[in-house]
Amino acid sequence: MRDSIIWKIGGEAGFGIMSAGTMMARAFARVGYHTMVTNEYPSLIRGGHNLITVRISPKYFESMNREVHILVALHNPCIELHKDELNENALVVYDPKDHEWQASDFPKPVHLLPVPLMELVNTLNGSPVMRNTVTLGVTLALVGADFSILESIIRDQFKKKKQPVIDSNIALAKSGYDYVKKHFPDETSMYLSKAEKKEPQLILNASEAVGLGAYRGGVKFAAIYPMTPINSVISFFADHAKQLKIVYKQPEDEISGINMALGASFAGVRSMVASSGGGFALMVEGLSLAGIMEVPIVINLGMRVGPATGMPTWTEQGELQFVIHAGHGEFPRIVLAPSDAAEAFELTANAFNLADRYQTPVFVLTDKYLAESHWCVPMSHFKKEYTVERGKMVNESDLPADRSYKRYRLDVDDGVSPRSIPGMKNGVFFSNSYEHNEKGYVTELASERVAMANKRLKKFNAMKKDVPAPHVYGDKNADITFVSWGSSRGPVIDAMEMLRAKGRTANLVHFTWLYPFPEDEVAKLLSTAKRVIDVEQNASGQLAALIREHTGLKIGEKILKYDGRPFYPEEIVEGVEKSL
Amino acid sequence: MTLNSSVFAANHLPTWCPGCGDYGIWTALKEALVKQGIGSDDGLVVYGVGCHGNMYNWMNIYGFAGLHGRTLPVAQGVKLANHKLPVVVVSGDGDCLGEGGNHFLHAAKRNPDITVILHDNQVYGLTTGQASPTAKIGFVTKSTPDGAVDAPINPLLLAIAAGATYVARGFAGDTPGLIKLMSDAVEHKGFAVVDVLQPCVTFNKVNTYQWYRQRVYRLEDEKYVPDNKMKAIERAMEWGDRIPIGLFYKEIRPTSEDHEPALTGDPLIRVPVASEHFDSVLQEFV
């Protein structure tokens, strides 16, 4: 019995592999397992090699590790590309019609399991794309799970289709399941140990979590131009617009997107945009506009490999310094970076309150690894208390009848002036891209310019009370202190576990709130650390640079990865050992 | 109290050059708003960047003076958040057709209920006289010392082709005509474009008031009916000894806001934040 299985399925794009991965994760999560799904694919729609990895365990884990227990190949390149990654005695499922693989083709001993996938599909009058369903049945049998858990998932997955489609998919899955039971009855080496049934778990990617968080946060308007890896945010809004009374508009470009969202926010509703680095680059001028006009906006930036078009379907944490410094001129902003889908939900909802409280842009930095991997999050996490706080919005009835209301009044300690919205009686003002006075009229007077710039910058001080200290995981007095931000947390936490097994102690100072930077707490935490190692998915160590800028502390040791693939915890362990 | 254009008076005096076509447009806009019953608190004007955009400093009505070229996305965002709010865009030929050309095409295609007043003087006045996208071939400016060589953009042709549902041209020297066109444009439910031929007394010595007065004629005087795209295109291409002004094309088509299922009732700004569907949406992911 195993307490962790890593299953990979690979084939051409268009083979339905992604849905196979999430169905697998959902089936096991429903009966109490912890699951995670990651994907790898080139930037094309048909052909190429797509790979889905699913990890299933009765115990909680934070990341994928470098093991492969079961490989399901829907085409030959899947085996050619991944045979070197297989564990000893891994199971290899393939259609013998594609190729007669021999044990000698593999560097380590493996169990070859030829399953006539296409023949099984043809026998039941299915289409070639339905081989993925057969492999789900095959896999369930190989890990010793009950077929019924898959049956309920298939029913739900195809519930919008007609009954024959559901029946046919169940029959196909069952044929795969039965084939294994009949032809490989002794193959029990990958049986999973039983899990305790838990509360309901959501299987969702971080973009869907951003969508859910936005809805929780009362979003009413989103303008998002399509771009990998945030397209699931679009689907979430487009699919739910009617039900949730949200307007999702597809703009002609990202420049239009952010200006539409600013228009909607100025008009009085919570608004957001989402993009990746390249799309956000086009929004930078609009970001600066939000800064001077003091219009709240939430920006979800899903990072991917740059510069320019880079490697569009691969992951990176390369935009931290970009979002902190983006925009001409000086104005306050907040930068948040969730570590997983659970935090993506929570931080997005909070981002809307922060944007309104400070009338300024708030970033939610995700990345391709977060945004397209599927995470397993307990239902109760989404049901935590949340209150929509619109900040300083005036009531129409409170506006003075002598029309003396000033939208940008200067006598505010936190730099945040009460907002009216267009259409309110006696609330007239000008939202102005030019430097302006309290009413919004243009000004170039030295004194008025300085007063207004100071008012905006006062928000930085006010925000400080909201800035949480970075989260510390593990023993405070450990020998090694990792620092990381956003999506690097999972692999680091799992690496700490591996180090502990080797008799080494490590802790992690982890940032989800990056700007304004919690400098005092960080200086305190790091100045007493014995050995500090920066772990980031970029080539230059952008968090380390931020820490140095704000605390003067230089982190000498860095474990950096920028090949587009998320960290394996083993790589972090190796990094620790190599730099000894 | 009856509404009159003095409600728009602000504490600033215009800084446009004496004789600028902007004065005529400004006057007409105020009168058109009054005609439509829109006072200081009842509507929004979104301004671009250029001489035209400076209007907000002497125009007392909710205003959004945004980035160069980005008026239309802002106006559409506002309109989707509050589709009951009248929204007028004050833009220029450089703002709307140069920097914001793509937005113009897509706004026309979507047909939001917005009126665009396009200040068309062939030059960038605020940057002291470079050629704008509507500059005619041969026009000498600071950026085209040997005369403009690129074919000019025709705002009317572009608007008609892209799907605008109210397409008109006025002349800054004809305030009564402009008031009528602007008022009808604001009343029109859909994307209304009013291209305004506007002399720039400082940087355009060719297309003067005199020059226009000798050439413009009213479409309505020729019993022109603005209900046919092909005929509208034909008139829009007429430029020379005779230049038509008036309404070229009009059609009724569902607006961008009409298509939004969330906007069938109250505007979004009045819809309270609700989480009644939260549990059922969460259930989709289990």
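Trainee: Why are helix 1 of chain A and helix 5 of chain A called oblique to each other?

Mentor: In this predicted model, helix 1 (residues 17-30) and helix 5 (residues 148-157) of chain A pack at an angle of about 125°. Roughly perpendicular ends at 115 degrees and roughly antiparallel begins over 145. The two helices are therefore oblique to each other. Their axes lie 9 Å apart, and helix 1 of chain A passes helix 5 of chain A in a right-handed crossing.

Trainee: Which residues make the contact?

Mentor: Helix 1 of chain A contributes Met23(A), Arg26(A), Ala27(A) and Arg30(A). From helix 5 of chain A come Ile149(A), Leu150(A), Ile153(A) and Gln157(A).

Trainee: What makes up this contact by class?

Mentor: Five residues are nonpolar, one is polar and two are charged. Arg counts as charged, and the contact includes Arg26(A) and Arg30(A).

Trainee: Turning to chain B, how many helices and strands are there?

Mentor: Chain B has nine helices and ten strands.

Trainee: What share of chain B counts as buried?

Mentor: Of its 286 residues, 53% do; the cut-off is 20 or more other C-beta atoms within 10 Å.

Trainee: And what share of the contacts in chain B between residues at least 6 apart in sequence join residues at least 24 apart?

Mentor: In chain B that share is 71%.

Notes
Residues are numbered from 1 along each chain as its sequence is written. Chains are lettered from A and ligands numbered from 1 in the order in which they are written. This is a predicted model: local features need pLDDT of at least 70, side-chain atom pairs count only at pLDDT 80 or more; totals for chains, interfaces and linings use all residues. Helices (H or I, at least four residues) and strands (E, at least two) are DSSP runs, numbered from the N terminus. A residue is buried if 20 or more other C-beta atoms lie within 10 Å of its own, exposed if 12 or fewer, and partly exposed in between; C-beta atoms are placed from the backbone. Two residues are in contact if their C-beta atoms, placed from the backbone, lie within 7 Å. Axes are lines fitted to C-alpha atoms, for helices over the stretch in contact, and angles run from 0 to 180 degrees between N-to-C directions. Angles under 35 degrees count as roughly parallel, over 145 as roughly antiparallel, 65 to 115 as roughly perpendicular and the rest as oblique. A crossing is left-handed if the near helix is turned anticlockwise from the far one by less than a right angle, and right-handed if clockwise.
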